[in-house]
Amino acid sequence: MATIGFGLTFWAWNLIAPLSADYKERLGLSSFEQSLLVAVPVLVGSLGRIPVGALTDKYGARRMFPLISALTILPVLLLIPARDSYGAMLVVGFLLGLGGTTFAIGIPLVNSWFPPARRGLALGVFGMGMGGVALSGYFTPRIAKHGDNLPFLVVAAALVVYSVLAAFLVSDRPDRQVPTDSLAHRLGSAGRLRVTWELSALYAIGFGGIVAFGVYLPTYLKTWYELSPTDAGTKAAGFALVTVLFRPIGGWLSDRIHPALVTAAALGLAALMAILQAFDPELAPGGTIALLCMAAGLGTASGSVFALVSQVTPQAKVGSVTGIVGAMGGLGGFVPPLVMGAIYSTKGSYSIGFMLLSDLALAGCVYAYGRMRNLQRD
C-alpha cells in the first residue's frame with residue numbers, strides 16, 4: 001500500500017513535466033520559464049517533506065497517507081482551468097508539490113515493520129514507487145492524445161480510490177514510539193545530528209539526479225537530439241524505469257555490504273557516465289548507454305543512502321530525519337533543471353551541466369568512502 005500510494009502521488013507530482021513542451025508552445029515560454037514551471041512542484045514537494053515527516057512521527061502513516069493523497073486531488077484537477085495562464089500554472093504547480101511529500105510518510109512506515117537486517121531491501125522496494133515519474137513520463141502524453149484534460153481526470157480518479165483504500169488498509173506498527181515533544185523540537189533535534197546533513201548531501205546527489213532527469217530529460221532529448229515529444233517522453237520513462245529497478249538492488253546490496261561502500265561505487269559510476277555524456281555522443285548507442293548506466297548508478301545510490309538512514313537513526317526520529325534528507329534530495333532535483341536551462345539559453349550546449357553533475361557525483365563518491373564507511377551498523 002505504501003509503494004502504490006508513493007507511485008500514484010509521484011505520478012501526480014510529475015504531471016507538468018511530460019507536457020511542458022506543449023505549455024511552452026501554447027504560452028510562448030522561454031527555456032528558463034519552462035524549466036521554472038517544471039521545477040516549482042519539485043521545490044515545494046521537497047521542502048514539504050520536512051513537516052510531513054515530523055507529522056508522520058506524531059500521527060502515524062495511517063492518518064497521513066490517506067490525508068495527503070486526498071489533498072493532492074485538488075491541484076491535479078486545478079491543472080485543467082489553469083492551463084492557459086502561466087501565472088496560474090505556477091500557483092497550481094506550487095500546490096501540486098504536495099504529492100511529492102508522501103516519501104516522508106512511507107519511509108518511517110516501512111522502516112518500523114522490518115528488522116534492521118532486512119530494511120535495506122524493504123525500503124528499496126518502497127522506493128520503487130518513484131516509478132510514478134516513469135509512469136507519468138510514458139502515459140501522460142499518450143493519454144493526453146485522447147483528450148487534453150484526460151490525464152488529470154485519470155490521476156484524480158486513481159487518487160480518490162487509493163485514498164479510500166488507504167484509510168482502511170494502511171496500519172502503523174502497534175508498538176511504534178509516539179513522540180511527545182513539539183514539532184519544532186523534533187525537527188531541531190533531527191537537524192542537530194551531523195549524520196542528517198551528511199546523508200542529505202549524498203541523497204541530494206543520488207535522488208536529486210533522478211528527479212532532475214525525470215523532469216528535464218524530455219526537454220533535453222527534444223532540444224538536443226530533436227526527438228518528438230512522444231519519443232522523448234518514452235526514452236525519459238526508460239531512464240526512470242532503470243532508476244526504479246536499481247533502487248531495491250541498492251537496498252539489497254546494503255543489507256550485505258556496508259551501504260556507504262555501495263553508495264560510493266554507485267556515485268562513481270554516475271560520475272563517469274556524466275563525463276561521457278558531456279562529450280555529446282550520438283544517441284544510439286553511446287548516449288543511450290551512458291544515460292542508462294547513469295540511471296543505474298543514481299538508482300542504486302538512492303537505495304543505499306536510505307538503507308544507511310535506517311541503520312544510524314533512532315526509530316522515533318526516522319520520520320523527522322527522513323523529512324530533512326528527502327527534502328534535500330528533492331532540492332537536489334530542483335536546481336539542475338534551472339541550471340541546464342540557463343546554460344543552454346546562454347551557451348547553446350548542455351556539456352557544462354553534465355560536467356557539473358560529474359563533479360558532484362565524484363565528490364559524493366569520495367565522501368561516502370572516506371567518511372561514511374566508518375559508521376557502524378545499529
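## Close-up views of a predicted model

Asp 84 counts as exposed because its relative accessibility is 56%, where exposed means over 50% relative accessible area, buried under 20% and partly exposed in between, with a 1.4 Å probe and protein chains only. The model is predicted, so that local features need pLDDT of at least 70 and side-chain atom pairs count only at pLDDT 80 or more, while totals for chains, interfaces and linings use all residues. Residues are numbered from 1 along each chain as its sequence is written, and side-chain values use heavy atoms, with hydrogens and water left out.

**View A. The salt bridge between Arg 26 and Asp 84.** The closest N and O atoms of this pair are 3.7 Å apart, a salt bridge being a side-chain nitrogen of Lys or Arg within 4 Å of a carboxyl oxygen of Asp or Glu. Arg 26 lies in helix H2 (residues 20-27) and Asp 84 in the loop between helix H4 (61-82) and helix H5 (86-96), so the pair ties together parts that are 58 residues apart in sequence; helices here are DSSP runs (H or I, at least four residues), numbered from the N terminus. Arg 26 is partly exposed, at a relative accessible area of 30%.

**View B. The salt bridge between Asp 148 and Arg 83.** Here the closest N and O atoms are 3.2 Å apart. Because Asp 148 lies in the loop between helix H8 (132-144) and helix H9 (150-169), and Arg 83 in the loop between H4 and H5, the pair ties together parts that are 65 residues apart in sequence. Asp 148 counts as partly exposed at 46% relative accessibility, whereas Arg 83, at 16%, counts as buried.

**View C. Asp 175 and Arg 173, joined by a salt bridge.** The closest N and O atoms of the two residues are 2.7 Å apart. Asp 175 is exposed, with a relative accessible area of 53%, and Arg 173 is partly exposed at 31% relative accessibility.

**View D. Met 294 in the largest nonpolar core.** This core, a set of buried Ala, Val, Leu, Ile, Met, Phe, Trp, Tyr and Cys residues joined through side-chain atoms within 4.5 Å, has 100 residues, and Met 294 is among those with the most contacts inside it, together with Val 76, Phe 213 and Leu 221. Helix H11 (residues 194-224) gives the most to the core, with 13 residues. Leaving aside neighbours within four places in sequence, Met 294 is in contact (heavy atoms within 4.5 Å) with residues including Phe 213, Ala 270, Met 273 and Phe 354.

Definitions and conventions
Helix = DSSP H or I, 4+ residues; strand = E, 2+ residues; numbered from the N terminus.
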